[in-house]
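Subject: The structure I promised you

Hi,

Here is the structure I said I would send over.

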Amino acid sequence: MSILYGTKINQLLANTAPTGLLFADWLKKKSYSVQLQKKYRDSGWLTAICTGARLNAYDAIASYNKQMGGTML
């Protein structure tokens with residue numbers, strides 16, 4: 001059994017592409033509650049897509065495939 005070190009936000013950011021997209025449902029499945037997601041948005045660690053986050057189509061598709069088990073492209 002491995003031991004994870006660091007805060008939840010550090011673990012999340014360490015395993016996510018800097019220009020990637022995080023799906024709220026995926027975050028919930030990974031134990032990031034709606035309240036915790038809001039805290040991360042309010043503190044500036046995460047940006048909601050509807051407020052002007054920028055990412056390219058490749059990053060969005062790669063994030064979808066990794067988190068949601070999709071096979072786009």
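Before you go on, some housekeeping. This is a predicted model, where local features need pLDDT of at least 70 and side-chain atom pairs count only at pLDDT 80 or more, while totals for chains, interfaces and linings use all residues. Residues are numbered from 1 along each chain as its sequence is written, and side-chain values use heavy atoms, with hydrogens and water left out.

Now the overall layout. The protein chain has 4 helices and 0 strands, which gives the pattern α-α-α-α along the sequence. Helices (H or I, at least four residues) and strands (E, at least two) are DSSP runs, numbered from the N terminus. Of the 73 residues in the chain, 21% are buried. Here buried means under 20% relative accessible area, exposed means over 50%, and partly exposed is in between (1.4 Å probe, protein chains only). If you take the contacts with a separation of 6 or more, 51% of them come from residues 24 or more positions apart; a contact means heavy atoms within 4.5 Å.

What sits in the largest nonpolar core? It has 8 residues: I9, L12, W26, L27, Y32, L36, Y40 and L46. The elements that give two or more residues to this core are α1 (8-14), α2 (24-29) and α3 (34-43). A nonpolar core, by the way, is a set of buried Ala, Val, Leu, Ile, Met, Phe, Trp, Tyr and Cys residues joined through side-chain atoms within 4.5 Å. In soluble globular proteins, nonpolar side chains tend to be buried together. As for I9, it is in contact with Y40 and W45, leaving aside its neighbours within four places in sequence.

K28 is in α2 and is partly exposed, with a relative accessible area of 42%. Not counting residues up to four places away in sequence, K28 touches V34 and Q37. In the loop between α2 and α3 you'll come across S31, which is exposed at 53% relative accessibility. The phi of S31 is near 75°, a positive value in a residue other than glycine. Most residues other than glycine have a negative phi.

One last stop: Y58, in helix α4 (residues 57-68). Is Y58 buried or exposed? At 60% relative accessibility, Y58 counts as exposed. Y58 and G20 are 38 residues apart along the chain, with 9.0 Å between their C-alpha atoms.

Cheers
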